[in-house]
Each structure stands twice: as structure tokens, then as C-alpha cells.
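Please consider the sequence and the model displayed here. The paragraphs below lead from the whole chains to individual residues.

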Amino acid sequence: MIFPAEDFFADAPRPTPLYAAVASASEANLWTAVNGWTAARVYSSVSGEYETAKSAAALADLGPLARYAVRGKEAAEFLGRLTTAPALSLQVGESARGLMLNDQGYVIDLAEVSRLSDDLFLLTAPTPHARHIALGRRGLDVVAEDISGQVAALGVFGPQTAGVLAAAGLKSASETLAASGVLRGVETAARPVQFGAMPGVELIFPKEEALTIWERIIRRGAGAPIGLDALEILRLEAGGPRPGLDFTPAGKPGASPRTPEEIGLAHLAPLDRGWFNGRRALRHLAGKPRRRLISLSIDAEQSAPGAAVLQDGKPVGRITSCAWSPVRKRVIAFADVDAASHGNDYEISAAGAPEGRIPAKRLETAESGLARVFAGVQGTSTDFRR
Amino acid sequence: MSDPKNPTRAKDGRDKPKESAHRIEGGIDAVVIGAGADGLAAAAYLGKGGLRTVLVGAGPEIGGRIAKREIASGVEGVDGEHLVTALDPDVIAELDLYRHGLEFAARRLDTTYFFEGGDVLRFDGDLAQAALLSLDHDDDREALEIFMSEVLDMAALLRPAFRPFAFPGGGNHQRVLEKAMAGATPEAAARLRRFCLSNADDIIHGRFGDGPLRALLLAETAFRSAAAPNEPFSFLSLLRRYSGEAAGLQGAAAYPKGGAVSVITALRRAAQSAKVDVRAATPVKSILIEGDRVGGVTLADGGQLRAPIIVAAIDAEQAYLTMIGAGMIDIGLERILTARRPEIASARMQIVLKGVAQDDATRRNMMRRLVYAPSPEALAKAFNEARAGRVPQSLVVEAVFPTALDEGAALDKRQVVSVMAHPLPFDAEPDAERREAIRSAILDNIEMFAAGFSGRIEADDLRLAADEAAAAKASPAAYAARPDILRQWALSSAVTGSGDITGFYFCGPEAQIGAGLSCAAGRAAARAALHAYRKGAA
């Protein structure tokens with residue numbers, strides 16, 4: 001569950017179902033647009049919101065993300081085809097992350113799939129994919145309904161997530177299994193999500209009830225809202241690449257397509273899982289990355305996207321996104337570097353620094369940890385396809 | 001002695017009724033699905049290459065849509081194609097089809113063209129000699145001579161690009177086209193570029209004194225193509241037509257002894273002499289995909305044939321969406337397969353006529369290929385009408401007399417004329433009313449050049465794309481007219497890319513470029529399979 005890059009050129013973003021609540025909570029009144037929906041950048045202060053997420057529970061309006069209700073006898077087959085998530089092996093209540101690949105094996109988008117019942121799934125993706133979904137469901141007994149905008153979606157992150165769930169009246173909801181219940185006569189669902197690799201819960205309820213439920217949670221003091229800027233820090237700490245920023249999704253204008261391996265998410269598209277769209281093409285690409293997306297920790301107060309990344313005095317790539325991490329007391333960044341670069345030591349070009357360079361080290365994040373473990377397992381596996 | 005590999009087959013080659021069905025058969029190197037011309041050719045190549053090959057066809061007869069059928073009492077007709085214009089010469093040579101019984105009753109068919117105004121033109125069967133015909137304008141004669149030599153040269157240059165590919169991810173028509181251009185002289189390359197990029201109307205317009213020649217060439221361009229001659233890239237259709245070879249002559253048409261079905265017979269003999277196990281009435285339910293490679297096929301009766309190579313010579317929709325399953329192919333390939341909505345089709349009609357021709361002129365014409373070419377304006381209108389779902393007034397009609405061309409087919413005091421008409425609206429399920437409208441439109445158009453013809457009809461038999469598809473148990477869209485060559489290239493590359501499934505090769509109708517009985521797709525698929533098999537075995 002990661003926000004895609006903002007669209008700076010959207011002239012009149014639509015209000016999300018939670019807009020009225022979000023707007024009343026926003027003191028900074030700083031807005032941006034994501035997928036053509038409104039999104040708050042900051043509510044009061046970035047550091048305060050970040051602290052809330054680390055120590056209590058932060059509430060994020062996830063309305064701008066694309067959301068589909070997938071129903072039908074072959075819903076699992078469809079999602080197993082459309083995404084790399086293991087939809088077929090999900091039990092009711094379980095969720096899984098995955099990627100959407102094109103026929104050539106390049107990443108179109110990230111995806112998250114939850115099984116709500118035997119033949120009802122929820123698919124969430126950073127950006128909408130109406131055409132890809134319409135094409136992918138041909139020949140399969142499945143209906144995919146775009147429900148973004150019809151339901152309010154509230155992401156809850158932080159150690160006190162359970163308190164928020166209780167405040168919302170979803171006592172039965174767990175942090176690992178999706179559950180649905182009736183709240184004030186309204187169908188409501190809670191499902192585990194991951195913001196990058198940071199666990200959280202997403203509450204989904206009809207937009208008519210959006211304000212009531214928001215009010216209930218805020219009144220009980222169970223959580224405070226978090227804006228996109230603070231979420232960006234959490235994302236960089238967790239190591240989740242942001243589509244449109246850290247990599248351009250395949251098929252978008254100007255895209256230089258990336259394989260899952262090249263954006264550090266090979267563990268989300270394992271070749272020995274069942275078939276998914278683009279797997280056969282991916283088989284030929286696997287193990288031959290041209291670029292790598294790595295997390296860096298930079299010894300500086302600030303850095304900027306676009307700054308050159310050097311190794312042994314030679315430029316090997318550039319910073320794609322970065323933020324100051326209050327926990328690490330460093331700038332942490334994503335860098336797109338040449339696959340031939342090696343080791344943990346890099347340098348960042350910067351004006352004003354000695355020789356114009358700042359040292360940077362590779363950073364182990366939750367996501368890169370998963371990728372490393374996966375690569376280790378793959379190396380020793382007896383995968384017959386290799 | 002029965003075949004130990006296949007106990008249900010008796011020594012006479014006929015299928016015994018199925019015994020216990022649910023069994024798994026191994027020891028097979030390749031399974032070819034589809035017993036049409038391409039399937040037979042592919043199986044023959046694989047068998048010749050030393051692979052233990054099984055050919056399974058869904059229908060009760062071998063041959064797919066090309067089959068003998070009684071069209072009137074005591075008169076047998078041949079469905080599918082009525083002339084050979086594009087049969088791959090390499091297939092004839094490599095499979096030794098002449099030794100296996102292929103014989104032409106009439107080679108180098110002259111063509112007589114009829115026009116709206118009542119004009120008549122005769123073309124020599126050898127297009128290089130075409131200028132020797134009876135033309136009024138001397139200027140046109142010279143212009144035609146130059147034009148024909150240019151077109152035949154270009155068509156020959158492009159011949160490799162009109163062949164389907166079957167190497168996954170390897171074949172690329174654009175690359176072949178570029179190679180053809182690189183090998184040509186600058187003038188030829190410039191001409192080729194113009195021929196590829198312009199529409200037929202632009203190229204032909206102004207080259208000849210206004211008149212029947214333009215109508216004739218545009219009719220040949222539009223015949224059996226879904227692209228009207230005034231649409232982009234349509235000139236390629238004419239180049240495709242003239243790149244074909246019949247009985248060793250480029251751009252010619254020939255009539256095989258016994259009709260097109262004798263090509264099937266020869267192919268079947270070639271397959272059997274290559275020890276291919278040919279099984280009719282063995283419908284395939286699904287293709288087994290294991291990991292990313294084929295494992296074999298499941299038959300409709302529950303049995304299984306295990307093989308590392310599957311060649312599908314059936315329509316792409318059936319092969320990919322039904323047998324492999326939509327859930328196992330890439331979304332882009334599925335989009336290409338389901339995006340087509342055919343609008344135009346040809347119709348075939350076989351007519352039994354009473355009596356015999358009395359005068360010499362008629363008798364001579366009956367030994368030729370007859371084409372009715374409506375005016376370019378009427379042809380453009382016909383395409384618009386057909387796209388709108390209506391039966392057009394004017395049609396291009398191609399007619400041959402099997403009974404006059406083939407002594408073996410001659411009847412007593414009767415004649416059979418076989419007609420192909422184009423363009424007609426495509427219907428997946430034509431009703432009786434639509435059939436009657438098409439029938440009378442075709443008869444009206446024949447009446448335009450053969451007055452009094454309708455009075456002699458004893459019986460007629462109309463065959464639409466949907467009927468052919470039903471006979472071959474295929475999806476009707478596969479038998480509709482093809483769009484312009486550029487789109488055919490795209491479709492052909494996509495389907496022969498095989499969805500990147502190892503061991504799967506495709507040579508169905510979508511793989512072929514242009515209309516006509518060709519077998520080039522079957523050859524390409526089998527050669528690709530053999531190449532991969534040998535590489536894997538080595």
C-alpha cells in the first residue's frame with residue numbers, strides 16, 4: 001500500500017469520501033493530488049505526525065488509491081494472473097502483496113490482494129488499471145468493480161492500531177486477518193495492509209458513514225491523522241519503492257521498464273509460484289538486472305532527488321527520492337544505480353561538501369531484508385526451472 | 001499386427017471404436033492438433049524429421065474445411081478453396097507432393113475479366129506476358145508491361161516477408177522487410193517503400209488510361225482482403241497475391257486434379273509415408289501446460305497424449321483461449337486475439353448448370369478463370385456496405401468450371417461452376433434471409449457478365465465463412481477476410497510467438513499472411529519445432 005507519485009498537473013482533484021473530515025483536521029491546509037483525488041500533504045507538522053505513527057496510531061486517508069472488488073468463481077485465477085500475489089493459495093481473511101507485470105515481464109505497478117470470502121477479493125493498487133483489468137478478466141468468470149470513491153478507506157499505522165479498531169467498534173478485527181462486521185448497521189471491513197513493509201490495518205466503509213466513523217475514532221483520541229509527507233519518511237525507512245518516483249511503471253510515457261529484481265522486489269514475483277502475467281518473459285530476464293534500486297543512508301542534513309551517486313569516483317546512478325529520517329538521524333534515500341556497482345559504500349555529489357562528495361552507505365530496510373533472504377533461498381533451492 | 005504404440009489402431013489404418021478411454025499414452029515426440037492442410041504439412045515435416053508424431057483432428061474426416069461434399073444429386077463439390085494460387089513451392093518440393101499424387105489438371109489458367117460496361121479483357125496466365133492481351137490503347141499496353149514487371153519483382157522480393165514465422169520472439173516481419181530493402185538497389189528500395197506505404201488506388205491511379213485496367217487491378221487487390229483498395233497499405237495485398245506461386249509460375253492460378261482436396265490427399269500421403277499416426281475424430285479438450293512448457297494434450301474422451309512438442313494447426317482462439325486457457329496466456333496476447341471484430345468475408349458458391357456450352361468462345365472461357373471486376377467506385381461502395389452489415393450490390397466474382405478444367409470431373413450434360421465472391425458482410429451466425437440475400441447478390445453479379453445464366457441453374461450451394469468454420473470445428477472469425485497486410489503481420493507474429501510456452505508452436509489460419517491454400521505456416525512451425533528439438537537433444 002504505497003502512494004504513487006503525486007500528479008502535479010491535476011487541475012481539479014475530486015474529493016475523497018473522507019475529504020470533509022480530512023479538511024477539517026488539516027491545520028496546514030497543504031494539499032496535493034494523487035490519481036486525481038485530493039490528498040493532504042501535512043495536517044499540522046511532519047515530525048509530529050511521524051512521531052504519532054511511531055509511538056501511537058496514525059490515520060491516513062487511503063482514498064486516492066485504486067481499489068477493486070473482484071467477485072466470481074474464477075476470481076482467484078484472475079488475480080493470480082493479473083498480479084504476482086499468490087491469490088489461489090490465500091485463505092479467507094488473508095492478504096498478500098504482489099506486483100503487476102506486463103507481457104514482457106516489466107513492472108506496471110504494485111498490488112495488494114485480500115480474500116474476504118471464497119469468491120470475493122479486494123485488489124488495491126497505487127494507480128488505477130481499468131483497461132488492464134478489463135483485458136485480463138476476458139475468458140474468466142469474474143467481475144471486477146472499481147470501488148475507489150464509493151468507499152472510504154482509512155489506513156491505521158502504529159503500535160496502538162488495536163485501540164483504533166476497538167474505537168471503531170471492530171473488536172473482532174485482527175491485525176493479521178481481514179474481517180468484516182456490521183457497524184451501526186453498516187457493512188465495514190478491516191484488513192491488514194503493509195505500507196511498504198510496515199504493517200497496518202485498513203478500514204473500509206461506505207462513504208455515507210465516512211464522517212461518523214472518523215469522528216468516533218478522533219473523539220476517543222485513539223489516533224491522529226498523518227499526511228503524505230510523513231508517510232514518505234515511513235516509506236523510505238521501510239524501503240518500499242514508489243511508482244512514478246523511484247521507477248516509472250512500464251507502459252507510461254518515457255518509461256525505461258524495470259523488472260521486479262531491478263526495483264528490489266524480486267521476492268514479490270517468485271518464478272516458482274504459479275503462473276502470472278509476464279512470468280514466461282520474466283524467466284528470460286531473471287538474474288540479469290541492468291539497474292538496481294537500493295536504499296542509502298547519507299551522512300548529510302539534506303539531499304535532493306536527482307543528485308548523482310558515485311562509486312570509485314565514477315557516477316553509477318542517481319537519487320530518486322529521499323527524506324530526513326528522525327530515527328536514523330540521517331538522510332535516507334532510494335538510488336537507482338548500475339547493476340555493476342557493488343559493496344555498501346557510495347558517494348553522493350553535493351554542493352558545499354568537501355570535494356563536493358558526501359559518503360553514503362547501503363541501508364538494510366525491511367524490504368531489502370526480505371529481498372536478501374529470498375535471494376539466499378533461491379540460490380540454494382532445487383528449483384527445476386533453473 | 002497392430003501398432004504396439006497405439007493398440008486402438010488396426011493395421012488397415014482405420015480407427016477401431018474406442019475401448020477404455022482413460023489412458024495415458026507416452027512415447028510420442030510431437031502432437032499436431034488440427035487435420036487441415038497446415039496440420040498435415042507440419043506433421044509430415046515432423047515425421048520426416050524423425051519425430052514420432054501423432055496428428056489428431058476433431059472432425060470425422062481429414063482435411064479441415066477443404067473436403068468433398070455432395071452439392072446436388074450425383075454431383076460432388078469441393079469445399080474450401082477452388083484454386084491453388086499460393087501453395088508454398090518449398091512444401092511441394094520438400095514433402096515431394098508430386099510423388100504423393102499431387103497433379104494439376106490446369107496450370108497457368110488464363111483469366112478473362114468482365115467489367116460493368118460490358119468490356120472484356122483477357123490476361124495471360126503468365127503475368128509477365130500479361131501485356132500481350134487485347135487492349136485498345138497502345139499506351140496502356142506499354143504501361144501495363146512496365147507495371148507488371150515492377151510488381152512481380154517487388155512481390156518476389158517481399159516473398160520472405162509474406163511467410164509466417166514460428167520462432168518464439170525470433171521472427172520479425174519488419175526485420176525481414178528491412179533486409180529486403182537493404183538488399184535492393186536504391187531505386188527498387190524507393191519503389192518498394194512506396195508500394196508498401198501507399199494504397200492501391202493511389203499507385204494504380206493515373207498509370208493507365210482510365211478504364212477497365214484500373215478496375216481489374218483494384219479488384220485483384222481487394223479480392224479476399226478486408227482492406228478496401230483505397231485504404232492505407234492496401235497495395236501490399238496485391239503484392240501478396242502476386243508473390244504466390246502456382247505450379248511453378250509466379251502470380252498464377254492452377255486447378256489441381258480433383259480440386260483442392262487432392263492437395264490434402266497428397267499431404268496426407270506425405271504424412272503417412274513419414275510414419276505420422278493420423279487420427280481423425282479425436283477431438284482435443286485441452287493442452288497441458290506444466291511449468292512453462294507443454295506436457296501433452298488431454299483428449300475429449302479423457303485420454304492423454306504426452307509429448308514435449310505440441311503444434312496447433314487450429315484457430316488461435318481455440319488453441320490459446322479454450323485449450324490452453326485464458327488464465328495461462330499473457331494479457332497482451334489475449335487482447336490481440338479477442339480485439340478483432342471481423343466485418344468482411346468472402347462467400348463460396350457452387351452451382352450446377354444444365355446443358356453444355358454450344359459455342360467455342362464460351363467453351364474456351366470455361367477453361368479459364370473468370371473474374372467480374374466492378375468499377376472502382378462500386379467496389380469502394382461495396383466495402384462500405386459490407387462493413388455496415390448490408391449485402392453489397394456489386395461484388396468481385398471469381399469463377400472457374402471444375403467440370404471443364406478437370407476431365408475426371410466432367411459430367412454428362414451438366415456443368416459445375418465454382419464461384420468465390422467478395423466483399424460480403426461477415427456473420428457469425430447467418431440466418432436464412434441473409435443467405436438468400438447473399439445468394440441473389442452473387443447470382444445478379446454473375447448475370448452481369450453471363451446473361452441468361454440464372455435460367456440454367458439446376459442447383460446451387462452457398463458456403464459462408466460460418467459454414468466453413470462449422471465444418472472445421474473452428475471459430476467463424478478465423479475464416480473471415482483478413483485486414484491489411486500490416487495488421488496481419490502483427491497478428492501472425494503475436495500468435496506464432498506461442499505465448500512463450502516452451503514446446504508449443506502455432507500454425508493456425510491466423511499465422512498465415514493472405515488468403516489461399518499455402519501450408520507455409522505449417523512448414524514454419526514444424527521447422528521451428530525440429531530446430532528446438534534437435535538443439536534440446538544435442
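This is a predicted model: local features need pLDDT of at least 70, side-chain atom pairs count only at pLDDT 80 or more; totals for chains, interfaces and linings use all residues.

Chain A contains nine helices and 19 strands. Its C-alpha trace extends over about 65 × 50 × 40 Å along the principal axes. The radius of gyration of chain A is 21 Å, in agreement with the value near 21 Å that a compact globule of 386 residues would have. Of these 386 residues, 56% are buried. Among the contacts in chain A with a sequence separation of 6 or more, 68% link residues 24 or more positions apart. The accessible surface of chain A amounts to about 15900 Å², and carbon and sulfur atoms account for 53% of that area.

Chain B is built from 18 helices and 22 strands. Its radius of gyration is 23 Å, close to the 24 Å that the globule rule gives for 538 residues, so chain B is as compact as a globular protein of that length. A box of roughly 70 × 60 × 45 Å along the principal axes holds the C-alpha atoms of chain B. In this chain 60% of the 538 residues are buried. Where contacts in chain B join residues at least 6 apart in sequence, 72% of them join residues at least 24 apart. Chain B exposes about 21200 Å², with 49% supplied by carbon and sulfur atoms.

Within chain A, helix α7 spans residues 228-238 and is mostly covered, with ten of its eleven residues buried. The buried set includes the leucines Leu228(A), Leu231(A), Leu234(A) and Leu236(A), and also contains the charged residues Glu232(A), Arg235(A) and Glu237(A). An α-helix has 3.6 residues a turn, so residues three or four places apart point the same way. After α7(A) comes Gly239(A), which has a positive phi near 85 degrees.

Which residues lie nearest the centre of the second largest pocket? They are Glu261(A), Ala266(A), Ala371(A), Phe374(A) and Ala375(A), out of a lining of 38 residues. In chain A, the elements α8 (279-285), β14 (291-298) and α9 (366-380) each give two or more residues to this lining. Helix α9(A) provides the largest share, seven residues. The space in the second largest pocket is about 850 Å³. By residue class, its lining consists of 19 nonpolar, nine polar and ten charged residues.

The structure also holds eight cavities of 30 Å³ or more. The largest cavity contains about 310 Å³ of space. Its lining comprises 22 residues, and those nearest the centre are Phe223(B), Arg224(B), Arg241(B), Ala515(B) and Gly516(B). Helices α7 (212-222), α8 (235-243) and α17 (485-496) of chain B each contribute at least two lining residues. The largest share comes from α8(B), with three residues. Six nonpolar, eight polar and eight charged residues make up the lining of the largest cavity.

Most residues other than glycine have a negative phi, and most peptide bonds are trans. Asn35(A), which is not a glycine, has a positive phi near 55 degrees. This residue occupies the loop between β1 (30-34) and β2 (37-42) of chain A. Asn35(A) counts as buried because its relative accessibility is 17%, under the 20% limit. Phe233(B) likewise has a positive phi, about 65 degrees, although it is not a glycine. Phe233(B) is located in the loop between α7 and α8 of chain B, two helices that also supply residues to the lining of the largest cavity. The relative accessibility of Phe233(B) is 24%, so this residue counts as partly exposed.

The peptide bond joining His422(B) to Pro423(B) is cis, with omega near -5 degrees, and Pro423(B) is part of strand β20 of chain B. Pro430(B) lies in the loop between β20 (414-425) and α15 (432-449). At a relative accessible area of 15%, Pro430(B) is buried. What does Pro430(B) contact, leaving aside its neighbours within four places in sequence? The residues are Arg435(B), Leu464(B) and Ala466(B). Leu464(B) is 34 residues from Pro430(B) along the chain, and the C-alpha atoms of the two are separated by 8.4 Å.

Key. Residues are numbered from 1 along each chain as its sequence is written. Chains are lettered from A and ligands numbered from 1 in the order in which they are written. Side-chain values use heavy atoms; hydrogens and water are left out. On a 1 Å grid over the protein atoms alone, a cavity is a set of points where a 1.4 Å probe fits but cannot get out, and a pocket is an open set with protein on both sides within 12 Å along at least five of seven lines; lining residues have an atom within 4 Å of a point. Grid points are joined across faces, edges and corners, and a volume is the space filled by probe spheres set on the points. Helices (H or I, at least four residues) and strands (E, at least two) are DSSP runs, numbered from the N terminus. The radius of gyration is taken over C-alpha atoms; the globule rule is 2.2 Å times the number of residues to the power 0.38. Buried means under 20% relative accessible area, exposed over 50%, partly exposed in between (1.4 Å probe, protein chains only). Contact means heavy atoms within 4.5 Å. Accessible areas come from the Shrake-Rupley method with a 1.4 Å probe; for residues, only the protein chains shown count as cover.
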